[in-house]
Amino acid sequence: MGSIFNLQQIINGIQIGSIYALISIGYTLVYGIIQLINFAHGDFYMVGAYAAYFAVMFSAARKEHPNVLIVLLISMTAGAIVAFLSNRIAYRPLRYKPRLSALITAIGVSMFLEYTSSAIPAIGPSYRAFPQSALIPEHTYKIGHAILSNYQIVNMSVAVVLMVVLTYIVQYTRIGMAMRASAQDKDAARLMGIDIEYIIDFTFIIGGALAGAAGLLTGITYPRINPYMGIIPGLKAFIAAVLGGIGSVPGAMLGSYILGFSEVFGMAINSILGEGIAYAILILVLIFLPQGLLGKKTGEKV
Amino acid sequence: MPKKDGSVVLEVKDLVVSYGAIKALKGISFTVKSGEIVTLIGANGAGKTTTLRTISGLLRAEEGHIFYMGDEITNKQPHKIVQMGITHVPEGRRIFPDLTVRENLEMGAWTLRDKKLKQDKMEAVFELFPRLKERQKQSAGTLSGGEQQMLAVGRALMTEAQLVLLDEPSMGLAPMLVEEIFKVITEINEEGKTILLVEQNAEMALQIADYAYVLEVGNITIEGDAKEVAANPKVKEAYLGA
């Protein structure tokens, strides 16, 4: 077993879990407030990756060295803008309509973003190499038998910093408090004088920004991007959010790391069955804890 | 704020509200005057909660008009209505269970920008409900039913609102707590707030109210000074168990 649970796997697990975590927070925040499973959320991540790609290419074309923080800000802004517009254009008109309509619309928004992106000549349907070495030259470090690259360090540390900032916003700011209140009882929040649409806009912006950041981080560590790159990570991040208890931010983070580790360890046990093992865990957890690991038991609610 | 100067705080005119094909309110009209406690009594399903939810903008009026201090507020957004000065303590308390007691009160003060004012309001609420001060750091969901009701009322008092809508504040409370909550309502009123009280406990409501309306399946059937309404044989038979 020593060969399976070694340092390398742990590093890989944290790294992939960090990507899932950044995406799944947006899923869980949006679900918490409007009970919408925003299937387009994975595509906000794709938009973030492309925004970073163009930012780096633009700098490289001008023979400048791109600043990582600026590129990160560009990715986050791009993710936030697309998330904000999706909400305003597609979801908001359906706010008090049957939930299924909004769900189907979310799938529509997702496909729209994917197909439209692939139709834009500058993006196109095929894979592009992400110019990660133009952004940060690669260094690798040996820790025993494990190899750690500076890409992974950037990836994990940016993710952790963003999660800390997000947690601070949700727990300690006025608007964060309003987000929590709105998630617990939307009508009561409105009776406090909260403009719920403003809170929903803000929630989409935060979720989109985190997904956009995850897009950049993925570009750095797995440098192949295409317009459909958001589908699988988006789905996995959604699964992680459900595993952790949808609506719960710490749950989304926990679920993401569990999923990341399960995948990496599963692959180490058997490279073909690997991901299957991860999802067997998911099914088992949900059979015994249908509300997810940190989710609220419902049922008893009147 | 002058009390009971006869000026109209809230005026509801020919209000019709439906849930799908079912008319919950069939054109009701009533007024609430400054400094008074006005109660709306009636059986379950008469439309009492619907009335309050429509005033505060959570439900849409199909027909009719609602005026607050002379300004039309019909079908305005709830947060705009709160800003204008109406606060609503909803049925079932609806506190935020995962927020602390203090955070719940801060949410109540969402419309206040002035920190000092917010602090003063909180002190006033703690004075009214010392239990809430003791438990300010606790999650609101861990409070007892009575404490939750106090929190719901306290939260509504964190605004600058002139008119307080109270929906079944006595629901689910032990008799002693019912007495206490009604005492608090009287105190709030004496401090200058105008109150529109919806109650199934007609006996208590009529005791503290100045004026009363009886709502029956979407229509107002009886109205008058609370004492007169309490003496009305029909009301006695149907709502006061006599």
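Mentor: With a term: a polar contact is a pair of N or O atoms within 3.5 Å; within protein, one must be able to donate a hydrogen and the other to accept it, and residues adjacent in sequence count only if both atoms are side-chain atoms. The model is predicted, so local features need pLDDT of at least 70 and side-chain atom pairs count only at pLDDT 80 or more, while totals for chains, interfaces and linings use all residues. Residues are numbered from 1 along each chain as its sequence is written, chains are lettered from A and ligands numbered from 1 in the order in which they are written, and side-chain values use heavy atoms, with hydrogens and water left out.

Trainee: How many residue pairs are in polar contact between chain A and chain B?

Mentor: Contact in general means heavy atoms within 4.5 Å, and on that rule chain A gives 19 residues and chain B 25 residues. For polar contact, both residues must be at pLDDT 80 or more, and the count between the two chains is 6 residue pairs.

Trainee: Which element gives the largest share of the side of chain A that touches chain B?

Mentor: Helices here are DSSP runs (H or I, at least four residues), numbered from the N terminus. Two helices of chain A give two or more residues to that side, H7 (174–184) and H8 (186–191). The largest share, 7 residues, comes from H7(A).

Trainee: Which residue of chain B forms a salt bridge with Asp187(A)?

Mentor: A salt bridge is a side-chain nitrogen of Lys or Arg within 4 Å of a carboxyl oxygen of Asp or Glu. Chain A and chain B have 3 salt bridges between them. In one of these, at 3.0 Å from N to O, the partner of Asp187(A) is Arg53(B).

Trainee: What area is buried between domain 1 and domain 2 of chain A?

Mentor: The bounds, from an automatic or database domain assignment, are 26–229 for domain 1 and 234–295 for domain 2. Buried area is the accessible area (1.4 Å probe) that two parts lose on being put together, summed over both. Carbon and sulfur atoms give 82% of the area between these domains, which is about 940 Å².

Trainee: How many salt bridges does the rule find across that domain interface?

Mentor: In contact there are 11 residues of domain 1 and 13 residues of domain 2. The rule finds 2 residue pairs in polar contact across the interface. For salt bridges, the number found is 0.
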